[in-house]
Amino acid sequence: MGFIVSLLTSLIASLLYLQTSKITSTKTQFVIRGITILIGSIALLASISRLLVIVPPGNVGVINFFGKVSDNTLDSGIHLVNPFAKVLNFSTRLKDIKENIDTTSQEGLSLNLDVSLQYRLDPQKAAIVYKTIGIDEKELLISRFRSTVRAITANYPASAIYSTKRQEIVQKIDQQLTQEIPTLGFIVDQALLRNVKMPENLQIAIQQKLKAEQENEQMKFVLEKERQEAERKKIEAKGIAESQKIISGGLTNQILQLRAIEATEKLAQSNNSKVVVIGSEKGGTPILIQPDTGTTKP
């Protein structure tokens, strides 16, 4: 309607401008022509602006022509469109839904979870989202988000949700939503589990249980270390015993006598004065006697 009004206004201004030629007064003619030119120019610019649409950055445009929605979306920038069509902008930026969800564990214990869902619109499905959901998708996504969180946490005990299985639970929530949300026209970026709240007495009991488990694991580690050390010493002692057995088995009287003779020869070849007494024929070891080389005064 605005385009038609602007177009008609520019046409009327043009006709008035042409009719000013019949006015005899030059001054009056000049004033009327100036007014008609101004009005016609404004109306013409308004008509042209209806042909051009600017889609802001981080958005896509969906064209609605008298109730018929085009499947082709407009990227950010300037576009030439039908002046009678309406263009709606949909944000493709990342959005964050923060929820505080009451749920139950595998044992039926009540828990409260602080969770977040980060998602964005799929630009290629903006027209489908507009036709099936509209311009506000949060209520629908929140319902899906809550249902998924409750279904997954119901498969885990409270102690696991509170401590050991938090990352696994987040991954399952993310996987489940990644399968469901794209069918609605959205892309899941990440699901987050920020905090787990539970009754104080239950929380204390879980913490005590975790502490006992940690101490038990620490004791297992110490015992395993001691066992490995004992095993190492046993192997070491066995090796020493076998080595001594091999050495003692090879030490005959002839070898010992040979070693003694070799040692005696080395001692005899040294420059220091000494007396070497050779043992008996039965293999006695040499005896080294170091004489007193010091001088005595009378």
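**From surface patch to core and helix**

L52, I54, I78 and L80 make up a nonpolar patch on the surface, with about 460 Å² of accessible area together. Patches take residues with over 30% relative accessible area and no salt bridge; like charges are joined within 9 Å, nonpolar side chains (Val, Leu, Ile, Met, Phe, Trp, Tyr) within 5 Å. Areas come from the Shrake-Rupley method with a 1.4 Å probe, and for residues only the protein chains shown count as cover. This is a predicted model: local features need pLDDT of at least 70, side-chain atom pairs count only at pLDDT 80 or more, and totals for chains, interfaces and linings use all residues. Residues are numbered from 1 along each chain as its sequence is written, and side-chain values use heavy atoms, leaving out hydrogens and water.

Strands β1 (52-55) and β4 (77-80) each supply at least two residues of the patch. Helices (H or I, at least four residues) and strands (E, at least two) are DSSP runs, numbered from the N terminus. L80 is found in β4. L80 is exposed, at 67% relative accessible area. The cut-offs are under 20% for buried and over 50% for exposed, with partly exposed in between (1.4 Å probe, protein chains only).

Now go inside. The largest nonpolar core has 37 residues, and I173 and F186 have the most contacts inside it. Strand β7 (residues 110-121) gives the most to this core, with six residues. Apart from it lies another core of seven residues, including I63, L74, V81 and V87. A nonpolar core is a set of buried Ala, Val, Leu, Ile, Met, Phe, Trp, Tyr and Cys residues joined through side-chain atoms within 4.5 Å.

N59 is found in strand β2 (residues 59-65). N59 counts as buried, at 13% relative accessibility. A polar atom of its side chain lies 3.4 Å from the backbone nitrogen of S91.

Finally, look at the charges. The whole structure holds nine salt bridges, each a side-chain nitrogen of Lys or Arg within 4 Å of a carboxyl oxygen of Asp or Glu. One of them joins K98 and D96 (2.7 Å, N to O). K98 is exposed, at 53%, and D96 is partly exposed, at 30%.

R232 forms a salt bridge with E229, the closest N and O atoms being 2.7 Å apart. R232 and E229 are separated by about one helical turn, because they sit three residues apart in α7. R232 also bridges to E236 (3.2 Å, N to O).

Key
Polar contact = N/O pair within 3.5 Å; in protein donor to acceptor, adjacent residues only side chain to side chain.
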